[in-house]
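Okay, thanks for making time, everyone. Let me put the structure up and then walk through a few spots in it.

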Amino acid sequence: MFDIKTMLTLYFVAGSQDCLHLAGDRAQHLLRILQQALESGITCFQFRDKGDGSLERDRAAQKQLALQCRDLCRRYRVPFIVNDDVELALAVAADGIHVGQSDMQAAQIRAQTDRTLIVGLSVNTLEQARRGAASADVDYLGVGPIFPTQSKADQKPAVGSEFIARLREQGITKPLVAIGGITQESAAQLAAFGADGIAVISAITRAQDVPAAVKALRRQLG
């Protein structure tokens with residue numbers, strides 16, 4: 001089993017839609033970027049393949065890409081998480097699943113399988129964070145968006161980096177990963193405020209030099 005706090009250090013989130021800016025086969029671009037990121041030091045990968053430009057309408061192709069991403073993660077001994085899609089997560093034997101406030105509840109997910117799953121929950125308010133922190137079925141909280149981001153069409157209001165410190169001041173000790181518009185410049189500050197790690201999409205998928213970007217983020221996180 002993976003150590004939750006350690007795996008959150010540099011948490012990469014991506015799907016085929018995040019490679020739309022690259023000409024050619026988006027799935028192959030994702031696999032190339034993921035392998036470079038794994039080689040360079042990401043500590044977790046979340047397969048979030050949804051929205052315009054994703055493989056949502058071709059479930060067979062989406063499952064195949066998920067399996068390829070999972071196998072890459074296993075090669076580097078990095079946890080493979082699936083976003084939202086419980087059916088897909090169980091079908092590909094993912095290490096975990098990340099859900100939002102309107103998705104299936106963590107207890108319901110655990111009831112569907114005997115496997116030990118890592119379960120993450122997105123939170124955007126103090127009350128949501130308190131409920132998530134109180135749930136024994138939730139392993140970590142994804143807090144954000146910290147800053148405005150273009151990576152999600154349905155993003156909630158940005159909460160700001162100080163929100164991480166506020167959660168800690170309110171006594172929330174559950175592992176926290178900050179997400180949303182995070183760059184190399186903001187990574188160290190979020191760690192100082194009490195985040196166990198940062199989750200990024202475009203900071204890696206849109207980097208001119210993926211290995212250099214990943215290593216720079218790791219340096220900022222110490």
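**A few spots worth a look**

So, leaving aside its neighbours within four places in sequence, Ala203 is in contact with Ile182, Ala213 and Leu217. Before I go on, keep in mind that this is a predicted model. Ala203 itself sits in helix H9, residues 202–205, and it counts as partly exposed because its relative accessibility is 24%. If you want a sense of span, go from Ala203 to Ala106: they are 97 residues apart along the chain, and their C-alpha atoms are separated by 29 Å.

Next up is helix H8, residues 184–193. Which residues of H8 are buried? Those are Ser186, Ala187 and Leu190. They cover an arc of only 115 degrees around the axis, so they end up on the same side of H8. As for what covers the buried residues, the list includes helix H7 (162–169), strand E7 (176–179), strand E8 (197–200) and helix H10 (210–220). And just after H8, Gly194 takes a positive phi of about 120 degrees.

Okay, salt bridges. The count comes to eight. One of them joins the side chains of Arg168 and Asp196, at 2.8 Å, N to O. Arg168 lies in helix H7 and Asp196 in the loop between H8 and E8, so this pair ties together parts that are 28 residues apart in sequence. Arg168 is partly exposed, with a relative accessible area of 23%, and Asp196 also counts as partly exposed, at 21%.

Then there's a network of salt bridges linking Arg59, Asp85 and Glu87. Arg59 meets Asp85 at 2.6 Å, N to O. Arg59 is in helix H3 (residues 59–75), while Asp85 is in the loop between strand E3 (80–83) and helix H4 (86–91), 26 residues apart. Arg59 also meets Glu87, at 4.0 Å, N to O. Glu87 lies in H4 and Arg59 in H3, so that pair ties together parts 28 residues apart in sequence. Arg59 is partly exposed at 39% relative accessibility, whereas Glu87 is exposed at 60%.

Last stop, the aromatics. There are four aromatic pairs. In one of them, Phe12 and Phe45 have ring centres 5.4 Å apart and planes at 50 degrees, so the pair is tilted. Phe12 is in strand E1 (residues 10–14) and Phe45 in strand E2 (residues 44–47), 33 residues apart.

Note on methods:
Residues numbered from 1 in each chain as written. Predicted model: local features only at pLDDT ≥ 70, side-chain atom pairs only at ≥ 80, totals over all residues. Heavy atoms only, no water. Phe/Tyr/Trp six-rings, centres within 6.5 Å; stacked < 30°, edge-to-face > 60°. Helix = DSSP H or I, 4+ residues; strand = E, 2+ residues; numbered from the N terminus. Buried < 20%, exposed > 50% of the residue type's maximum accessible area, 1.4 Å probe, protein only. Contact = heavy atoms within 4.5 Å. Arc of directions from axis to C-beta.
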